[in-house]
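These are my notebook entries on a single structure. I set down what I looked up, in the order in which I looked.

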Amino acid sequence: MTLTIAGLQHDGVPGDVDANLRILSRAAREAVDRGARVLVTPEMFITGYNIGDRLAPLATPDLVDRVARIAVDSGIAVVAGFPEPVGDGAIANSLVVVDSDGAELLRYRKTHLFGELDRGLFVAGDALPEPIEIDGVTISVLICYDVEFPETVRAAALGSVDVVIVPTAQMEPFAHIAERLIPVRAWENQLHVVYVNRVGSEGDLTYVGRSSIVGPDGVVIDSLGADGTGLLIATIDPEATRRARQENPYLADRRTDLY
């Protein structure tokens, strides 16, 4: 089995949930037309990310249901970034994976908060996700800064994951993360990485785009540039993961007795 995944690189409309859901719906239909079974949005796409005090009123429990309706109407699984209310006024920087029948497969809260921006808006999650399967392909997820810690992707690799999906809101001056670190994460763990970023500006942030889907050999399969909006798309083949782990046996050759 293989799984075709599309990523939506976009600037979104900060603070406008209805507009962002319309963008998501159009992208879902296009992704289906191009043969994708999964569509991935950037980090916090449903509301906007760097929107300060406007965020809390938008963090409502119905956001996941609205994403699920788009998934059902379009016939595609969706990975969407959104603010999740977690009690006592606190908000988590979360993503949800809903299947094409609207069933929630996974909900994950960002575990590694980046700087004062994240810490001022969100509470951290306290667990890495358990892998899920779609069409026989094993999937894990992270959010933005999470992927910059080698331990997080290594944990996924040790769980026999074929692909790590990473919604992100990577900003200047960190384009080197998108350009250089993401292929390394794929290579050193022999898995696919789907890294889906924002573009444009939001508040005092300028996003760097450069979304990519990278194979387990570290080779970029599809990508978008610094400015453009649209879909990137690639087919994830578990056989490619298996071959990569035979050809590059980092996981098997680790000396865990030393570390």
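Helices (H or I, at least four residues) and strands (E, at least two) are DSSP runs, numbered from the N terminus. I worked on a predicted model, in which local features need pLDDT of at least 70 and side-chain atom pairs count only at pLDDT 80 or more, while totals for chains, interfaces and linings use all residues. Residues are numbered from 1 along each chain as its sequence is written, and side-chain values use heavy atoms, with hydrogens and water left out.

Entry 1
I took two strands to pair if DSSP finds at least two bridges between them. β7 and β8 pair in the parallel sense over 3 bridges, and Ser140 has Val164 of β8 as its bridge partner. On β9 (residues 192–196), which runs parallel to β8, I noted 5 bridges to that strand; Val196 of β9 stands opposite Pro167.

I then asked how many residues of β8 (residues 163–167) are buried. The count is 5 of 5, where buried means under 20% relative accessible area, exposed over 50%, and partly exposed in between (1.4 Å probe, protein chains only). In a regular strand the side chains alternate between the two faces of the sheet. In β8, Val163, Ile165 and Pro167 point one way, and Val164 and Val166 the other way.

Entry 1: nonpolar cores.
A nonpolar core is here a set of buried Ala, Val, Leu, Ile, Met, Phe, Trp, Tyr and Cys residues joined through side-chain atoms within 4.5 Å. The largest core has 43 residues, of which Ile5 and Ile165 touch the most other members. Helix α6 (residues 175–189) supplies the largest share of this core, 5 residues. Apart from this core I found another, of 27 residues, including Val17 and Ile46. For contacts I used heavy atoms within 4.5 Å. Beyond four places in sequence, Ile5 is in contact with residues including Val163, Ile165, Val194 and Ile236.

Entry 2: loops.
Between β8 and α6 I looked up Pro173, which a cis peptide bond joins to Glu172, with omega about 5°. In the loop between α6 and β9 lies Gln190. Gln190 counts as buried because its relative accessible area is 0%. Setting aside residues up to four places away in sequence, I list among its contacts Pro216, Thr241, Arg245 and Tyr250.

I recorded a positive phi, near 55°, at Met44, in the loop between β2 (38–40) and α2 (55–58). Is Met44 buried or exposed? Its relative accessibility is 0%, so Met44 counts as buried. Arg210 has phi near 60°, again a positive value in a residue other than glycine. Arg210 lies between β11 (205–206) and β12 (212–214), and counts as partly exposed because its relative accessibility is 25%.

Entry 3: largest pocket.
On a 1 Å grid over the protein atoms alone, a pocket is an open set of points where a 1.4 Å probe fits, with protein on both sides within 12 Å along at least five of seven lines; lining residues have an atom within 4 Å of a point. Grid points are joined across faces, edges and corners, and the volume is the space filled by probe spheres set on the points. I noted about 170 Å³ for the largest pocket. Of its 13 lining residues, the closest to the centre are Tyr108, Arg109, Gly125, Asp126 and Ala127. Strand β5 (residues 104–109) gives the largest share of this lining, 4 residues.
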